[in-house]
Amino acid sequence: MATVGKPITCKAAVTWEVGGGFKIETVEVAVPKKGEVRIRMTSTGVCHSDLHVMEGIDKDWPFPCVLGHEGAGIVESVGEGVTSVAPGDIVVPVFEGHCGECDFCKDPRTCMCQKQTRNHLQMDGTSRITCKGKPIAQMSTISTFSQYTVTNEINVAKVNPKANPNTLCLAGCCIPTGYGAVMNAGRVHPGATCAVWGLGGVGMCVLMGCRDAGASKIIGIDTNPNKFPLAKQFGATEFLNPKDVSSVPEKLAEMTNGGVDYCFVSVGITPVMEQAFMSSHPQWGKTVIIGLADIGETMKAGIWELIYGRQLVGTFYGSYKARLGIPDLVDKVVSGQIQLEKLISHRLPLDKIEEGFKMLTTGESLRAIIDYDL
């Protein structure tokens, strides 16, 4: 390709400061160094996590930066020593790497990697994206809000070539986070009762996970009943609008013979997390926290409730070692088992990214994505 071995000039959505929004700028994306991969992005998701960062959820976050942690693309070129992917491969960048060599990667109890950088720069402490002569921090080293990006090989998952890269971005976060919460963190058993708080994109993926795990009753919970018909297509069997009842835990106890076996919370609202915990069965109920709250925020879980049998766990990336797990999820997308296309409510060009985030905050969109080929 004509671009191999040369810097690439392209467009990216740059966030210059906390609360500064997303400004479309011309950036330069460097040649990949040893162990790195340069990707032509084909799609990226509009996700609450990016909004939280832009609004200042992490006081130590480096600005300016190119956000975006959920994407798909095609390998443009690779640096020295890269063996797992080659130019032309369809890939999903992952925001938590997997080197396969560190203690964390070898341990099945965590999906994190000790080689993953936490400073939003590459392993050598520098960025591969510059704008107006300034280095731009790269979210989790991947920065999917850029037409081209460079990241480390450990942050790239090669996937089924039959997948559509222009919609595949949701396989980078939304799908593994929701589906994995059921399969890995919850470990839902056949015949179980499940309740899912928040029927956005991640919540819909939780529903699909509960369905595929063989749950007998799957209760979708949301204050917007307009989401219920679509949620039924993803596996929900019953619905509850919290506004319609005086006590959600009491109502769910009525619906599930004493309490829900598995509760999943895909919204970052602490009182809702506490509500879910108290809705789980008193002797064996398990609550899985998925949604993000402010760093340092806490929720209440009664000691006696825990002693008697309720369980409370969190999940990061659906507890997948993402570089290993996402290819299998993409196979499910290709086969139609995971209904990715139904999750997408809006497809926008990069210069409409602000519009996509507005729809996210107002609830107008289920899941908006940026299609770089529009």
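Which residue just after α3 takes a positive phi? Arg-187 does, at about 55°.

1. Basis. This is a predicted model: local features need pLDDT of at least 70, side-chain atom pairs count only at pLDDT 80 or more, and totals for chains, interfaces and linings use all residues. Numbering runs from 1 along each chain as its sequence is written, and side-chain values use heavy atoms, with hydrogens and water left out.

2. Helix α3. Helices are DSSP runs (H or I, at least four residues), as are strands (E, at least two), numbered from the N terminus. α3 has 13 residues. Its first and last C-alpha lie 17 Å apart, close to the 18 Å expected at 1.5 Å a residue (1.5 Å times one less than the number of residues).

3. Bend. α3 bends by about 50° at Gly-180. The bend is the angle between axes fitted to the seven residues ending there and the seven starting there.

4. Burial. Eleven of the 13 residues of α3 are buried, so the helix is largely enclosed by the rest of the structure. Buried means under 20% relative accessible area (1.4 Å probe, protein chains only). Gly-180 is one of the buried residues, and Cys-174 and Tyr-179 are also among them.

5. The lining of the second largest pocket takes two or more residues from α3 (174-186) and from β17 (311-314). By class, this lining has six nonpolar, five polar and four charged residues. Nonpolar covers Ala, Val, Leu, Ile, Met, Phe, Trp, Tyr, Cys and Pro; charged covers Asp, Glu, Lys and Arg; the others, Gly among them, are polar.

Note on methods
Buried means under 20% relative accessible area, exposed over 50%, partly exposed in between (1.4 Å probe, protein chains only).
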